[in-house]
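Welcome to my notebook. Here is the structure I have been looking through, with my entries below it.

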Amino acid sequence: MPQFPTATHWGVGLAETDNDQVVKIDPYPGDPAPSKIMQGLPDAMHGRARITRPAIRKGYLESGKASRATRGQDPFVEVPWDEALDIAATELQRIRDEHSNEAIFAGSYGWASAGRFHHAQSQIHRFMNCFGGYTASVDNYSYAVGLVLLPHIVGSSRQLLRESTVWPVIKEHGELVVLFGGVPRSNLDMTPGGVGRHTGPHLMRDCKAAGVEFINIGPSAGDLATELEAEWLPLRPNTDTALMIGLAHTLLIENLHDQAFLDNYTVGFERFQAYLLGETDGVIKDAAWAANITEIPAETIQTLARKMARQRTLICTVAGIQRADHGEQPLWMTVMLASMLGQIGVPGGGFGFFYGADSTIGTPVNNYPWPALSQGQNPVKTFIPVARISDMLLYPGEPFSYNGQALTYPDIKLVYWAGGNPFHHHQDLNRLIRAFQQPDTVIVNEIWWTSTARHADIVFPVTTMLERNDLGMSRHDTVLVAMHQAVSPVGEARNDYDIFSGLAERLAIGDAFTEQRDAWTWLQSLWSEAIRRGEWSGLNLPDFETFWKQGILELPHPPEDQVLLKAFREDPINNPIATPSGKIELFSETIAGFSYADCPGHPVWLEPYEWLGSPMSNNYPLHLISSQPPVRLHSQLDSGSVSRQRKIAGREPVTMHPTDAEKRGIVGGDVVRIYNDRGACLAGVTLSTDIRPGVIRLCTGAWFDPETPGVIGALDKHGNPNVLTRDKGTSSLSQGPTAHTSLVEIEKFEGELPSITAFDPPPFVKG
């Protein structure tokens, strides 16, 4: 059988076809640890959940915006492409004429395609910019807090991630790695733009073999590979900041801190010291104080602080910790602790953020500046933080704060979504249903009948990466891929580029959008630019025809000596970091000047809005952790075989401690109802002692499947944790998501199990 090279966010593969269907995808032979996620793609591509024709919600076709309250409930009418494009273009023009471009929210959040051209976010933003602009979103759900906070404290957040100290350096020079939240193995499977060689797991094993010790602090031992033999401190969720403060107190009072480093490389420590010693509020933040909050014994905290001071120590804080109420504080305290130890900028010491968020952080990478489709400039300056979608739709005209700015939510009349699934990644889905009922029109480009598509008015079917040609050129990877089209588009699916070209032609912006190029011409143009950029990095890339025939091109392996903030450590005067002082700002005059009660000028312990130490735990005594799943990327390919094989009675598995299950008369394999005041869902139980009592894990990404579609408060049959999570910003500073601050209760489900319908198409009627 012929093999067609392709690139996905979770790996490079070779697709085999039969009778114009993808039947198998072999991993790239050069990948030492390929992900299994890709194996779920063939049946998902050809399954019942595919959108095969343009479709318009029946109520919208008959009554337009007057029917918006029945989004998610109405059947759909399949229509010809020209009719669907005409209706969408007419509505885009109407909204612009009657309300201005600011009234259009062009949502595109998600990983979408790994290709450089057929990338949904680039396509929709280019189209909307040609049309006069749109209300945009900034930051991301993954590490919104870090993107906003860290520039105030240690300079560019994206630079910090690109320049993290790599595992080979830790292997050679490190002694102790203290991990707040572990390094989840599932996240190491993926990188935006694709992974040719999964190297993270074996690089960490090399560290262990070289004698590096790991300590895993968090509610789940499973957040770190068992072969690393880490000591596990089962922290009460959302109390990482308190533990770090307790460690800092021990370092200070036992004179284990590096005062010379604090004097020469940081500003503001004295303000934090006064807080630490209780001089500002009368509360001494010692190990005993921290133990009361964290339920980690005071002696353990003191012993750990002494150990960290005695050894070459790297402190790593995972991304999930900042997706919680007051998520700024543990990141800031990570920098504080590392500064007190004085090892920032030395090999194997200091701090690192978001190791395990994807496969590149901590792994030697190239960071090649490959080209992508130009999005142009957005003339509209209105924006929202990405996690404030529901607030924007529900409260137009209301003020909000963000990173020192006083902003106002725009009045959105049309949402156009291409790439991503907000009914996966957004919190409090019942609130999102109500929010999606507000705009006049919702248009969605989608591959599958996700809940986002089901809550739209106009739905355009889109191709997968194996139904089109593209270029796989991850900025971080060592492999370039000529992504060959393997099969014909399923049904009447079209590329995003062709959909937007059709709309652009109807809106008299066709030439501006396409520049009179078809997709193949764009690929050739992008490759020509890649050749030029490769020369900047000393690479001699072949011409397009040679590359396309070759299919997969390996690049030189990157250097393995990267140390975060090494130049700053060696010469802080000539290599200042990008903060107002040029130093690490342990106290930020800028943030203090914003006068935010929920994010003051230095790190502090702020009690979460709900946690196991609050009165709310009397009614909801279990803390929900909604981490990334091991069998899919977010909600991608949930309809595929790899994800579905992990289900229990067709539901997403929830992991709980045996003692919590016994109290509730629950055994492994039972289906349970998980609930709180925000909603309820069903899940299948797995039992494990690797999770702390009082904590449950329900991974994200099960397609939202309400028992009564489109009805607020309906039971989710499938196990989507975001029917349970609260939709509130981390603070006035970053307004990030707080999915990991959620309390719930569980009970055994009694009665007949409702059938799973998430992977079936919605009902259709004739127009």
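This is a predicted model: local features need pLDDT of at least 70, side-chain atom pairs count only at pLDDT 80 or more; totals for chains, interfaces and linings use all residues.

Entry 1: I began with Q311, which I found in the loop between helix 13 (298–310) and strand 12. Is Q311 buried or exposed? I looked up its relative accessible area, which is 17%, and the cut-off for buried is under 20%, so Q311 counts as buried. Leaving out residues up to four places away in sequence, I saw that Q311 touches E175, L176, E213 and Q343.

Entry 2: I found 5 strands in an open sheet, in the order 10-9-8-12-13, with parallel pairing. Strand 10 (231–233) and strand 13 (350–353) are the edge strands, and each pairs on one side only.

I then took one pair by itself. Strand 12 (residues 313–317) and strand 13 run parallel and are joined by 4 bridges. Within that pair, I315 stands opposite F351 in strand 13.

What lies across strand 8 (176–180)? I found helix 9 (residues 240–253) there, and helix 9 also lies across strand 9 (213–217) and strand 12. Its direction is at about 145° to strand 8.

**Entry 3: helix 11.** I stayed with helix 9 and asked what packs against it. Helix 11 (residues 269–276) has the buried residues F269, F272, A274, Y275 and L276. These buried residues pack against helix 9, helix 10 (259–265), strand 11 (266–267) and helix 14. After helix 11 I came to G278, whose phi is positive, near 80°.

**Entry 4: strand 17.** How many of the 5 residues of strand 17 (residues 414–418) are buried? I counted 5 of the 5, so strand 17 is largely enclosed by the rest of the structure. I kept a general point in mind here: in a regular strand, side chains alternate between the two faces of the sheet. In strand 17 I found both faces covered, with L414, Y416 and A418 buried on one side and V415 and W417 buried on the other.

I also checked the strands that pair with strand 17. Strand 6 (residues 104–107) runs parallel to strand 17 and is joined to it by 4 bridges. A106 is the residue that stands opposite Y416 in strand 17. Strand 18 runs parallel to strand 17 too, and 5 bridges join these two. Here L414 has T441 in strand 18 as its bridge partner.

**Entry 5: cavities.** I searched the whole structure for cavities of 30 Å³ or more and got 6. By class, I noted 15 nonpolar, 17 polar and 3 charged residues in the lining of the largest cavity.

The second largest cavity has a volume of about 110 Å³. Its lining has 14 residues, with N238, T241, D325, H326 and P330 closest to the centre. Helix 9 and helix 14 (328–341) are the elements that supply two or more residues to it. I noted 7 nonpolar, 5 polar and 2 charged residues in the lining of the second largest cavity.

Entry 6: Most residues other than glycine have a negative phi. D139 has a phi near 70°, a positive value, and D139 is not a glycine. I placed D139 in the loop between strand 7 (136–138) and helix 5 (144–154). Its relative accessibility is 23%, so D139 counts as partly exposed.

Q735 is not a glycine either, and its phi is positive, about 55°. I found Q735 in the loop between strand 28 (695–698) and strand 29 (743–748). Is Q735 buried or exposed? At 12% relative accessibility, Q735 counts as buried.

How values were computed. Residues are numbered from 1 along each chain as its sequence is written. Side-chain values use heavy atoms; hydrogens and water are left out. Buried means under 20% relative accessible area, exposed over 50%, partly exposed in between (1.4 Å probe, protein chains only). Two strands pair if DSSP finds at least two bridges between them. Contact means heavy atoms within 4.5 Å. Axes are lines fitted to C-alpha atoms, for helices over the stretch in contact, and angles run from 0 to 180 degrees between N-to-C directions. On a 1 Å grid over the protein atoms alone, a cavity is a set of points where a 1.4 Å probe fits but cannot get out, and a pocket is an open set with protein on both sides within 12 Å along at least five of seven lines; lining residues have an atom within 4 Å of a point. Grid points are joined across faces, edges and corners, and a volume is the space filled by probe spheres set on the points. Ala, Val, Leu, Ile, Met, Phe, Trp, Tyr, Cys and Pro count as nonpolar, Asp, Glu, Lys and Arg as charged, and the others, Gly among them, as polar.
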